[in-house]
Amino acid sequence: MALKNLYIANVIGSWMKAPKIWKISVLGDAEVGKTSLVNRFVYDTFKDDMESTVESKAYKRKVDGITLMVWDVSIYEEHVDKILRGSKAILVVGDITRKNTLNTMHEIARFLDGYNGIMIFIGNKSDLKYQAEFWKDDLKKLADEYSSPFYFTSAKTGENVDNVFREITMGS
Ligand SMILES: Nc1nc2c(ncn2[C@@H]2O[C@H](COP(=O)(O)OP(=O)(O)OP(=O)(O)O)[C@@H](O)[C@H]2O)c(=O)[nH]1
Ligand SMILES: [Mg+2]
């Protein structure tokens with residue numbers, strides 16, 4: 001084989017073997033549990049005393065042979081557009097115990113208008129169901145508007161957290 005062909009074969013070979021890396025961004029109002037969800041998913045841990053996230057940060061976990069690069073997007077982030085660029089999926093998170101965080105989810109979804117990846121709506125803190133200010137009907141209505149799935153999760157108990165990410169890697 002000519003040297004050039006050998007080179008091309010090598011490049012294509014390593015490209016095919018390269019791990020799949022998918023970017024996922026997590027958005028939502030202050031204190032809805034964005035960092036807690038990421039911590040639960042990546043480290044399987046939970047803390048009651050969380051500090052507010054000042055700087056957006058990426059975390060990695062491999063699922064179904066795919067490396068997920070999960071971006072915990074700070075509410076202070078000035079370059080949201082840049083972070084969202086190339087996201088395979090965007091998680092839009094609200095806190096079920098605060099109705100205003102559902103309004104923020106609506107605003108975020110409007111802001112994302114035209115995004116053609118997977119958008120998933122999440123009502124977090126499902127362990128506090130008895131304090132819920134919004135529930136299934138409200139979240140379903142929002143999700144249906146964007147033909148997107150929705151989940152209720154608890155970063156505290158871990159309920160449904162893995163299922164959200166499975167939704168993304170499913171059928172890959
Ligand atoms: N009961 C309960 N508390 C939660 C859950 N998820 C997060 N929390 C608590 O809610 C508070 C905020 O959680 P964070 O993960 O810091 O929320 P955040 O969206 O990252 O907040 P910012 O970075 O300030 O925007 C913390 O006190 C968490 O312990 C949950 O599923 N259930
Ligand atoms: Mg945070």
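Trainee: Is Gly117 buried, exposed or partly exposed?
Mentor: This is a predicted model. In it, Gly117 has 16 other C-beta atoms within 10 Å.
Trainee: Where is Gly117 found?
Mentor: In the loop between helix H4 (100–111) and strand E5 (118–124).
Trainee: And what is Gly117 in contact with, leaving aside neighbours within four places in sequence?
Mentor: Ser87, Lys88, Ala89 and Ile90.
Trainee: What about Gly86, how far is its C-alpha from that of Gly117?
Mentor: The two C-alpha atoms are separated by 8.8 Å. Along the chain, Gly117 and Gly86 are 31 residues apart.
Trainee: New topic, the ligand. Which residues come nearest to ligand 1?
Mentor: Gly33, Ser36, Met50, Ser52 and Thr53, out of 21 residues around ligand 1.
Trainee: How does that shell split by class?
Mentor: Six nonpolar, eight polar and seven charged residues.
Trainee: Which helix gives the most to the shell?
Mentor: Helix H2, residues 34–43, with three residues.
Trainee: Why is H2 described as largely enclosed by the rest of the structure?
Mentor: Because seven of its 10 residues are buried.
Trainee: Which ones in H2 are buried?
Mentor: Lys34, Thr35, Ser36, Leu37, Val38, Arg40 and Phe41. Ser36 is also among the residues that come nearest to ligand 1.
Trainee: Last one. What follows H2?
Mentor: Asp44 does, and its phi is positive, near 55°.

Notes
Residues are numbered from 1 along each chain as its sequence is written. Chains are lettered from A and ligands numbered from 1 in the order in which they are written. This is a predicted model: local features need pLDDT of at least 70, side-chain atom pairs count only at pLDDT 80 or more; totals for chains, interfaces and linings use all residues. A residue is near a molecule or strand if its C-beta atom, placed from the backbone, lies within 6 Å of it. Helices (H or I, at least four residues) and strands (E, at least two) are DSSP runs, numbered from the N terminus. Ala, Val, Leu, Ile, Met, Phe, Trp, Tyr, Cys and Pro count as nonpolar, Asp, Glu, Lys and Arg as charged, and the others, Gly among them, as polar. A residue is buried if 20 or more other C-beta atoms lie within 10 Å of its own, exposed if 12 or fewer, and partly exposed in between; C-beta atoms are placed from the backbone. Two residues are in contact if their C-beta atoms, placed from the backbone, lie within 7 Å.
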